[in-house]
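I opened the model to look at a helix, a helix pair and a strand residue. My notes follow.

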Amino acid sequence: MALQAKMAVDRDFVIGRVDNRLYGSFIEHLGRAVYGGIYEPEHPLADSSGFRRDVLDMVKKLQVPIVRYPGGNFVSAYDWKDGIGPRDSRPSRLELAWRTVEPNLVGMNEFADWAKAAGTDVMWAINLGTQGMEDARQAIEYANHPGGSYWSDLRISHGYKEPHGIKTWCLGNEMDGPWQIGQKTAAEYGRAASEAAKAMRQVDPSIELVACGSSGLGMPTFAEWEATVLDLSYDQVDYLSLHQYYGNHEGDTPTFLARSLQMDEFIESVVAICDYVKAKKRSKKRIHLSFDEWNVWYHSNESDRKLDPWQIAPPQLEDVYNMEDALVVGCMLISLLKHADRVHIGCLAQLVNVIAPIMTENGGSAWAQSIYYPYLHASLFGRGQALVPLIRSPKYDTKEITDVPYLESVAVHREETGEITIFAVNRSLDEELLTEIDLRSFGTCSLIEHIVLDNPDLKAFNTAARPDTVLPRTGGSSTVDGSKVAASLPKASWNVIRLRTIS
Ligand code: AHR
C-alpha cells in the first residue's frame, strides 16, 4: 500500500521573500575548481581569457546569483596581492590549507571577469588568518574605489578602469577550526572582524559583511562562539555564517536522508543566538544568516588522503555524487527555503570539480552530477515568496533521528507570473507517497509540469562517458482539481510540481 500525506499552503502564510542569493555557490582555489575547472586556457573550448565556455554555459544555466571566492580554508593564508598585475611576475606559493602549489594565474581581476561572463556576483572572502584589517582595507580599495588613490589607481593600471563593485564580503573563514591557518578564539576573532569591518565600511559604506559562525554544528565552540562574536561585532556586521556537510559513511540511507532535520535545528539555533544578542543589546537591527557552505561531502575523503602534496591543481575533493546524494541536497534546499526569512545567502559548496555539481576532465568534457538537478530546479523555480508548508505525513525513526516525515516539502509563490512551485522529497525507500496538496486561497490552478528525479539504484551516478544516468524527467503523476493537487511521489524521489493560478 502506498503511503499517504497531506499538505496545505496559503498565499497569506508567508515565510519570507526568497533572497536570490539563497542559490549562490562557491569556488575556492582548491583542487581543480579554478585550474582545470573554470580556467583552462589550453582547452579547445576556452575563450580568449582562458575560461572554459562549456563550464560557463552550465553555470549560466543554473542562474547562480553569487559565488563566494577565493576560499574556504585557502583564504586564511592567501595574499590577494599575489593574484594581481602581470601574470608573468606573479609568484607561485606553497598553499598551506590544502598543501598544493598555487600559481596565482587567476586572482581578483580574472575572477571578476569570469563572474561577469557567468552572470553572477562575487562574494569576496578576506584573509583574517595570516592577514587583518590593513590588507582588507587595501583589498576593498583596490576592488571598489573608483580611482584617485594608490590601490584604485593600481587596479586601473592593471587594465580595470571600472571598479568591480563587490557588495558582499566574508570576514575570514571558519576561524574557530583548529585546521585553520591563524585560528582564533571567539574573542580574538570578534575583535578582528569588527575592526576590519569598520575599516572596510569607511572605504565603501555600501558593502554587506558576513561574520564567521562556528564551522559546524558539531564544533565544541558552537553557540558560545556565535554569541561572543556577535557580542563584539553586532553593529559592524550584517550576516553570520553557517557551514554544514553531510555524509553517509555508515551506509545508513534513512538516517542520511533525515539529516536535513538537523540542518533545520542548526538554523533555528543560530537564529535564536542572533536574537539573544539583539535582545541583550536592545538593538533594532536584525542579523541574517549566510549559509555559505553546504553540501554532501564524504566520497572523496579516502582518496584525498593518498594525494602527494605540493602539486598544482591535483584532483582533490572530487566527490562523485549519486542519486541519494541528490535527495539529501534536495532536502537541504528545502531546509534553506523553510527559513528564507532569516537565511538570505546560501552557497552550495562548491561549483566545479571540488564537491561540485559540475565536473570536468582536463582537456575533455564537462557534465552535470546528480546534485546539479535539485540545485537547478530550486534556482530556476524557487524565487518569490516561500510559503509555510503545513504537512501531515507518516513518519519513521532511525537509531539517531526520530519522527522523520516521509514527506519533506515547501512551496514558493512567484507573484509576478502567478506560478506556485512545490518542491517535495519522498524519503521512503520502498513506497510511493500519495500527497494531497490543498492550495486554498489560490483558487483554480493548472499544472505546468511535474518534474521527477529518481532512479531505481540509489547509488547510480553520472560520469563523462554516461552523463545521463541520473537525469530528471517530466511527466510525474499529478492531477489538479480546482485548488487541490493529487500527486504521486515515487519512492526515493525529488519532485518539482509547477502550477499556475488561473482564477
Ligand atoms: O569547501 C571545502 C572546505 O570546507 C572549505 O575550504 C572550508 O571552509 C570547509 O571546511
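Which residues of helix H1 (residues 53-62) are buried? I noted Asp-54, Val-55, Leu-56, Met-58, Val-59 and Leu-62. Buried means under 20% relative accessible area, with a 1.4 Å probe and protein chains only. Helices (H or I, at least four residues) and strands (E, at least two) are DSSP runs, numbered from the N terminus.

This is a predicted model, where local features need pLDDT of at least 70, side-chain atom pairs count only at pLDDT 80 or more, and totals for chains, interfaces and linings use all residues. Residues are numbered from 1 along each chain as its sequence is written, and side-chain values use heavy atoms, with hydrogens and water left out.

I looked up the cover over the buried residues of H1. It includes helices H2 (108-118) and H10 (372-381), plus strands E13 (358-360) and E14 (366-368). Contact means heavy atoms within 4.5 Å. Just after H1, I found Gln-63 with a positive phi of about 50°.

Next I took helices H6 (residues 224-233) and H7 (residues 253-280). Their axes come within 9 Å and cross at roughly 40°. Axes are lines fitted to C-alpha atoms, for helices over the stretch in contact, and angles run from 0 to 180 degrees between N-to-C directions. H6 contributes Glu-226, Ala-227, Leu-230 and Asp-231 to the contact. H7 contributes Ile-273, Cys-274, Tyr-276, Val-277 and Lys-280.

Last, I checked His-413 in strand E19 (residues 407-414). His-413 is buried, at 3% relative accessible area. Beyond four places in sequence, its contacts include Arg-11, Arg-383, Glu-419 and Phe-442.

Methods
Buried < 20%, exposed > 50% of the residue type's maximum accessible area, 1.4 Å probe, protein only.
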